[in-house]
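The following briefing is intended for reading beside the coordinates.

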Amino acid sequence: MSWTRPLLLTCLVVLSVITLFYGADSAAVSDKKAANPQGTLRKVFMPEADASSFFKRRGKRAVKTQDEINAEQRQRLAADERRREYHEEQSNEFESYAEEEHDEQDERTREKTEQWREFHYDDLDPSYEYNRHTV
């Protein structure tokens, strides 16, 4: 029972602090931005007449301006160039890989052939019928 008295005292202090600061505004946050909200809203939003005409300026079937056509063409050309460079790089990598594999295979074949010749060599030059002599 000795813990109930400090607990009640602590709760009473917390409750009094909360009621004391309940009506006070936060002093840590500055209210300068909220003083003129219309200035920022004017930059973001436009009048209703302008907003409705914004989407009606050019429909889906309307003719594009030359600047829009040129911009789209530049984007297509840039995308095509990136795609071409990517495929060219992939092709070069595959060619170098294939060439390396071919060279390694040639080297293994040459080594095996040399080993076979050394094993079957009987001091006769040139070796006929793989150095198999019938008597």
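Arg 110 is partly exposed, with a relative accessible area of 38%, where partly exposed denotes the range between buried (under 20% relative accessible area) and exposed (over 50%), computed with a 1.4 Å probe and protein chains only. The side chain of Arg 110 meets that of Glu 107 in a salt bridge at 2.5 Å, N to O; a salt bridge is a side-chain nitrogen of Lys or Arg within 4 Å of a carboxyl oxygen of Asp or Glu. This is a predicted model, in which local features need pLDDT of at least 70, side-chain atom pairs count only at pLDDT 80 or more, and totals for chains, interfaces and linings use all residues. Residues are numbered from 1 along each chain as its sequence is written, and side-chain values use heavy atoms, with hydrogens and water left out.

**Salt bridges**

- By the rule stated above, the count comes to seven salt bridges.
- Glu 107, the partner of Arg 110, is partly exposed at 34% relative accessible area.
- Because Glu 107 and Arg 110 are three residues apart in helix α5, about one helical turn separates them.
- A salt bridge also joins the side chains of Arg 84 and Glu 81, at 2.6 Å from N to O.
- Arg 84 and Glu 81 both belong to helix α5 and are three residues apart, about one turn of the helix.
- Arg 84 has a relative accessible area of 43% and is partly exposed; Glu 81 is partly exposed as well, at 34%.
- The side chains of Lys 64 and Glu 72 form a salt bridge of 2.9 Å, N to O.
- Lys 64 is partly exposed at 34% relative accessible area, and Glu 72 is partly exposed at 27%.
- A network of salt bridges links Lys 64, Glu 72 and Arg 76.

**Surface patches**

- Patches are made of residues with over 30% relative accessible area and no salt bridge; like charges are joined within 9 Å, and nonpolar side chains (Val, Leu, Ile, Met, Phe, Trp, Tyr) within 5 Å.
- Glu 100 lies in helix α5, which covers residues 66–120.
- Leu 9, Leu 12, Val 13, Val 17, Leu 20 and Phe 21 make a nonpolar patch of about 630 Å², with accessible areas taken from the Shrake-Rupley method with a 1.4 Å probe and, for residues, only the protein chains shown counting as cover.
- Phe 21 is located in the loop between α1 (4–20) and α2 (32–35), and Phe 21 counts as exposed because its relative accessibility is 57%.

**Architecture and exposure**

- The chain contains five helices and zero strands; helices (H or I, at least four residues) and strands (E, at least two) are DSSP runs, numbered from the N terminus.
- Of the 135 residues of the chain, 1% count as buried.
- The chain exposes about 13,800 Å², of which carbon and sulfur atoms supply 57%.

**Model confidence**

- The mean pLDDT of the chain is 79, and 67% of its residues reach 70 or more; pLDDT is the predictor's confidence in each residue, from 0 to 100.
- Among the elements of the chain, α5 has the highest mean pLDDT (94) and α2 the lowest (53).
- Where pLDDT is low, the predicted coordinates should not be read in detail.
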